[in-house]
Amino acid sequence: MAASGKIASFRLPPLPTIGEIIKLYNLRAEKQLSQNFLLDLRLTDKIVRQAGKLQNSYICEVGPGPGGITRSILNAGAAELLVVEKDTRFIPGLQLLAEAAPGKLRIIHGDILIFKMERGFPRHIAKTWDDDPPDLHIIGNLPFSVSTPLIVKWLENIANKDGPFVFGRTQLTLTFQKEVAERLTASTGSRQRSRLSVMAQYLCTVKNCFTIPGRAFVPKPEVDVGVVHFTPLVKPQIIQPFPLVEKLVKNAFQFRRKYCRSGIELLFPEAQRVKLAERLFLTADVDPSLRPKELTIGHFRSLADAYRQLCNENLNLFNYNFRDELRQKKLRCIGTRKQEE
Ligand SMILES: C[S@@+](CC[C@H](N)C(=O)[O-])C[C@H]1O[C@@H](n2cnc3c(N)ncnc32)[C@H](O)[C@@H]1O
């Protein structure tokens, strides 16, 4: 969504600068935790503007650290902001912000990789969760080792309509290593097109907003950073279960320079490989000699539909591919007809 450019009437009262807070609480960035801070409030404002209108929305910021982005979110007029921070050293500095913005900021000391998003939201919102979920913005500048697995997990939540992710009502603005941001937003045919591009784009509108040079962070990381905005689609472009799509896409990109057929064939047990792959491509009406990067989301939709049809017809094939996922009950909705027999 485009930046609204509007500034709400709420402004934080004068506070120590982020630099002063870092000194005050001795917040040295921990290298092993990949902590790099954004101290330039013009940049944090710019990140927050990518999220669009924040007034009257509920915001969750992941990994607020010393609170630069947190300040920008509060200044943008957020009705209610929940921050989730793993490192306890940052909590006193965040509490200072909470006192300056009474009733607006809630601080959770926790790990976002295991935190359930619904938890922590005020009861009056949770109460209406099923009927009328709130518009939710998630914003964060996390370590890259966290942001990439986190977006994969959240894409799965989006596909499964789990947690607070509601098509058309949730937006995410997150930072990634520049190259990952390029992969997430790469279009069909481009060199950066990858598994991540397909997984993100079948579920969301994805925009690579801008790049922040590494030198803008303290301490300076070795790479530049891309700010990416995700808006889950009202209707996903592929309706098959997430693990099935994930498996198909992973296989398709296994041999990036070869025909897509080479990787997709490996979905099938060796004895039936050629026959089943031929059937899959025929049913899907997709050219097996396309390179992985040339496959559109439409191609993946047809392939996923055809793959599901094959799995439903052939329990052995289903078990061959999804035994582990089935154990975790992720694939209840496919393969059931054969299993019940
Ligand atoms: C790269 S620093 C950025 C800090 C701040 N957002 C900024 O832009 O200056 C990442 C922050 O995420 C926090 N963090 C790392 N892993 C986390 C996790 N799993 N859950 C919550 N916070 C996490 C770190 O403690 C740190 O404060």
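A residue counts as buried here if 20 or more other C-beta atoms lie within 10 Å of its own, exposed if 12 or fewer, and partly exposed in between, with C-beta atoms placed from the backbone. This is a predicted model, in which local features need pLDDT of at least 70 and side-chain atom pairs count only at pLDDT 80 or more, while totals for chains, interfaces and linings use all residues. Residues are numbered from 1 along each chain as its sequence is written.

**Overall picture**

The protein has 14 helices and 9 strands; these are DSSP runs numbered from the N terminus, helices being H or I with at least four residues and strands E with at least two. Of its 341 residues, 40% count as buried. Take contacts next: two residues are in contact if their C-beta atoms, placed from the backbone, lie within 7 Å. Among contacts with a separation of 6 or more, 68% are between residues 24 or more positions apart.

**H2 and H3**

Start with helix H2, where Thr 44, Ile 47, Val 48 and Arg 49 are the buried residues. They pack against strand S1 (37–38), H3, strand S5 (136–140), strand S6 (170–177) and strand S9 (225–232). Just after H2 comes Gly 52, with a positive phi of about 85 degrees.

Helix H3 has 7 of its 8 residues buried, so it is largely enclosed by the rest of the structure. Those buried residues are Gly 68, Ile 69, Thr 70, Arg 71, Ser 72, Ile 73 and Leu 74. Gly 77 follows H3, and its phi is positive too, near 95 degrees.

**Two helix pairs**

Two packed helices are described by the angle between their axes and the distance between the axes. Axes are lines fitted to C-alpha atoms, for helices over the stretch in contact, and angles run from 0 to 180 degrees between N-to-C directions.

| Helix pair | Angle | Axis distance |
|---|---|---|
| H2 (41–50) and H3 (68–75) | roughly 60 degrees | within 8 Å |
| H11 (273–284) and H12 (297–313) | about 130 degrees | 8 Å |

H11 is therefore oblique to H12, and H2 and H3 are oblique to each other. On this scale, angles under 35 degrees count as roughly parallel, over 145 as roughly antiparallel, 65 to 115 as roughly perpendicular and the rest as oblique. The crossing of H2 and H3 is right-handed, and H11 passes H12 in a right-handed crossing; right-handed means the near helix is turned clockwise from the far one by less than a right angle, left-handed anticlockwise.

In H11, Leu 276, Arg 279, Leu 280, Thr 283 and Ala 284 meet a set of H12 residues that includes Leu 303, Tyr 307 and Leu 310. The residues of this contact divide into 7 nonpolar, 3 polar and 2 charged. Ala, Val, Leu, Ile, Met, Phe, Trp, Tyr, Cys and Pro count as nonpolar, Asp, Glu, Lys and Arg as charged, and the others, Gly among them, as polar.

**The two domains**

The protein is divided into domain 1 (18–232) and domain 2 (242–326), with bounds from an automatic or database domain assignment. Their C-alpha centres lie 34 Å apart. The contact takes 13 residues from domain 1 and 11 residues from domain 2. On the domain 1 side, helix H6 (144–160) and helix H8 (195–201) each supply at least two residues, and H8 gives the most, with 4 residues.
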